[in-house]
Amino acid sequence: MPGFEVFGDEEKKEILEVLDTGVLFRYEFGEQRRGIYKVREFEQQFAAYCGAKYAQAVTSGTAALKVGLTALGVGAGDEVITQGFTFVATWEAVFDVGAVPVFAEIDDTLNMDPADLEKKITPRTRAIVPVHMMGAPARIEEIKAIADRHGIPVLEDTAQAAGGRLNGRHLGTFGKCGTFSFDAVKTMTCGEGGMIITDDETLWRAMSEYHDHGHDHAVNPGGRGGEGRSFIGFNFRMMELQGAIGLAQLRKLDAMIAAQKKTKAALREAIAKIPGATFRTVLDEAGDSATFIAFFLPDAEKTKKVNAVLRENGAGAIYFAENTWHYYPKWEHLLAGSTLAKSGWPFKGPDGRRRVVYDPAALPQSAAIMDRCLVYQVPVKMSKERLAQMTATLAKAAAAV
Ligand SMILES: *Cc1c(COP(=O)(O)O)cnc(C)c1O
């Protein structure tokens, strides 16, 4: 990660093609655009790349989650189960559609623990949102089997794992739909942008209409505004410049992943020399998108000690136990129920009472894992000098424990 490291002539060429027509809107402008539909082409190519039938581009990964949940019919009164290690966007989207997020434990994959998921299913559970954190798969086959048994749809938050696979099949294609983010720090990026993939035509149509005020796009490219509307919608449209960049980045995705894999292997070798170090369970090494490397030390004390040495030597790792954006006990606004709404929504219901209260100690299994976990981002490009410096620092840390 991230794709901006490889911006080049390909992105420039795609963008100029759009600017030469003057059409930034993804629909309409039939004659003026001279057959150039970058967002539509991006959708088609992204779906084909993943092995999905349909793709819907939107403005962000957060919007993709919201559009996906909305199309699945999730709303007020419903519960959605996700995991306590994810970016805040995953559960923001759940609140935004009016539902209440429920958090499951993670296991040594650093993703949803299927056993805990099953315990948290209630008659109100209307969707399950496992996240493929840091480029590697959740136990999606087990999660899907549990969900199927209960008749609950799975939406895979694949924001951090574009190009990742499990047993040859693309992440994002196991559930009813899969969402992606192309924000500024993701493996492939359009600056901002998102995508939802699905094999279900009816679901895709709902997403297509909802994300554009209810326009049905049935005659696109063609007339707009003459049609009726089936339901209320919103505006989450991607613009042509984003689609253009996305097309160029998609063509580079496999090469970026291959480069990351090489760097990750070198880092892994250096980390393995730290006494007691073990690695995150990656269910399919061949399908790993290798955007991060995560490892564990035997206890929290050793983890902090090792990271102190790494930090002092300019190679500090991410310690997610202290990270306020990705880890449940650190989400103070969630725990406190902080909202701009004077009514207290979404934490309070119309009757003024709390709909849900979150206990910071509710996920002890996740805490026991995160307290021992250190993470490095794996860049697409890493200089020989930086790799040598990191390797030397890791050797120093190994000597300190
Ligand atoms: C980045 C991210 C999102 C949100 O994507 P944006 O495009 O930034 O809105 C959602 N979920 C996860 C796990 C992410 O990492």
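Colleague: In what order do the 3 strands of the open sheet with parallel pairing stand?

Modeller: Happy to walk you through that! Strands of a sheet pair through backbone hydrogen bonds, either parallel or antiparallel. Here the order is S3-S2-S4. A strand is a DSSP run of E with at least two residues, a helix is a run of H or I with at least four, and both are numbered from the N terminus. Two strands pair if DSSP finds at least two bridges between them. Please keep in mind that this is a predicted model, where local features need pLDDT of at least 70, side-chain atom pairs count only at pLDDT 80 or more, and totals for chains, interfaces and linings use all residues. Residues are numbered from 1 along each chain as its sequence is written, and side-chain values use heavy atoms, with hydrogens and water left out.

Colleague: Which strands stand at the edges of that sheet?

Modeller: Strand S3 (100–104) and strand S4 (125–128) do; each has a single partner strand, so one side of each lacks a neighbour in the sheet. Strand S2 (residues 79–83) pairs with S4 in the parallel sense over 3 bridges, and Ile 81 stands opposite Ile 128 in S4.

Colleague: Which strands form the open sheet with antiparallel pairing?

Modeller: That one also has 3 strands, in the order S10-S11-S12. Its edges are strand S10 (278–279) and strand S12 (373–377); with a single partner strand each, they have one side left without a neighbour in the sheet. S10 pairs with strand S11 (residues 292–296) over 2 bridges, in the antiparallel sense. The bridge partner of Phe 279 is Phe 295 in S11. Helix H8 (residues 240–271) packs on this sheet and touches S10, S11 and S12, where contact means heavy atoms within 4.5 Å. The direction of H8 makes about 15° with that of S11.

Colleague: How many residues surround the ligand?

Modeller: There are 15, and the closest are Gly 61, Thr 62, Ser 181, Asp 183 and Lys 186. For polar contacts, look for pairs of N or O atoms within 3.5 Å. A polar side-chain atom of Thr 62 is 2.5 Å from an oxygen atom of the ligand. For Gln 160, such a distance to a ligand oxygen atom is 2.8 Å, and for Ser 181 it is 2.7 Å. Taken alone, the ligand exposes 380 Å², and the protein buries 93% of that; the areas come from the Shrake-Rupley method with a 1.4 Å probe. Helix H3 (61–71) and helix H4 (89–96) each give two or more residues to the shell.

Colleague: Which peptide bond is cis?

Modeller: Look at the bond from Trp 345 to Pro 346, with omega near 10°. Pro 346 sits in the loop between helix H10 (332–336) and helix H11 (364–370).

Notes
Axes fitted to C-alpha atoms, helices over the stretch in contact; angles between N-to-C directions. Near = heavy atom within 4 Å. Polar contact = N/O pair within 3.5 Å; in protein donor to acceptor, adjacent residues only side chain to side chain.
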